[in-house]
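Have a look at the picture first, then read on.

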Amino acid sequence: MKTNRNMNITLILAPIFLSLLLSFNLNGQTPKEVKETFEKMYPNENDPDWHIDKNGNYESNFKIDGIKYRADYNPDGTWIETETSISEKELPFTIRERLEQDYKDCKIVEIERVRHFKKGLFYDVELKRDGKKFDVEFKVFVKKIKAF
């Protein structure tokens, strides 16, 4: 009986301890490779706040010209993505139009402009319908009509 009780306590405390551990600022513990990649990408930013996300990647929070950004890196220093929150007005017209057509019954919760190592530039729109949140990712394609 005592073993089950100890196991239950461990199962309850382990996630709490893990989340506390992951939420600590890791400036002194961020791998050199991660810091070097960050410094190459953002040479004028010298005070990022570092955290480990739920996937074990390193996440930096920083500002450029007063705008908040978040950049994610693999532990080996490989850049994954950089994102920033934007307003609905900052979305490209075609995306606003598509939201109005396909998601007019939804409430916009959050919008982020994301640059991703594989997907390139896209917009991540978090929506809420009937109390449930979900994300929709949009890409804007440019088609050359004519060159002069």
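## Charges outside and in

On the surface, Glu33, Glu36, Glu39 and Asp76 gather in a patch of negative charge. Keep in mind that this is a predicted model. With a relative accessibility of 39%, Glu33 counts as partly exposed.

Now for charges that pair up. There are eight salt bridges in the count, and here are some of them:

| Salt bridge | N to O distance |
|---|---|
| Glu81 and Arg70 | 3.2 Å |
| Arg70 and Glu83 | 2.6 Å |
| Lys133 and Glu126 | 4.0 Å |

Let's start with Arg70. Its bridge to Glu81 ties together parts that are 11 residues apart in sequence, because Arg70 lies in strand β3 (residues 67-73) and Glu81 in strand β4 (residues 79-85). Arg70 and Glu83 form a salt bridge too, and that pair, again from β3 to β4, is 13 residues apart. Arg70 is partly exposed, at 21%. A network of salt bridges links Glu59, Arg70, Asp72, Glu81 and Glu83.

Finally, the greasy part. The largest nonpolar core has 11 residues, among them Ile86, Leu91, Tyr123 and Phe138. Helix α3 (93-102) and strands β6 (120-129) and β7 (132-138) each supply at least two of its residues, and β6 gives the most, with three. In soluble globular proteins, nonpolar side chains tend to be buried together.

Notes: Residues numbered from 1 in each chain as written. Predicted model: local features only at pLDDT ≥ 70, side-chain atom pairs only at ≥ 80, totals over all residues. Heavy atoms only, no water. Patch = residues over 30% accessible without salt bridge, like charges linked within 9 Å, V, L, I, M, F, W, Y side chains within 5 Å. Areas by Shrake-Rupley, 256 points an atom, 1.4 Å probe, with all protein chains shown as cover. Salt bridge = Lys/Arg side-chain N within 4 Å of Asp/Glu carboxyl O. Lys, Arg positive; Asp, Glu negative; His and termini not counted. Charge placed at Lys NZ, Arg CZ, Asp CG, Glu CD. Buried < 20%, exposed > 50% of the residue type's maximum accessible area, 1.4 Å probe, protein only. Core = buried A, V, L, I, M, F, W, Y, C linked by side-chain atoms within 4.5 Å. Helix = DSSP H or I, 4+ residues; strand = E, 2+ residues; numbered from the N terminus.
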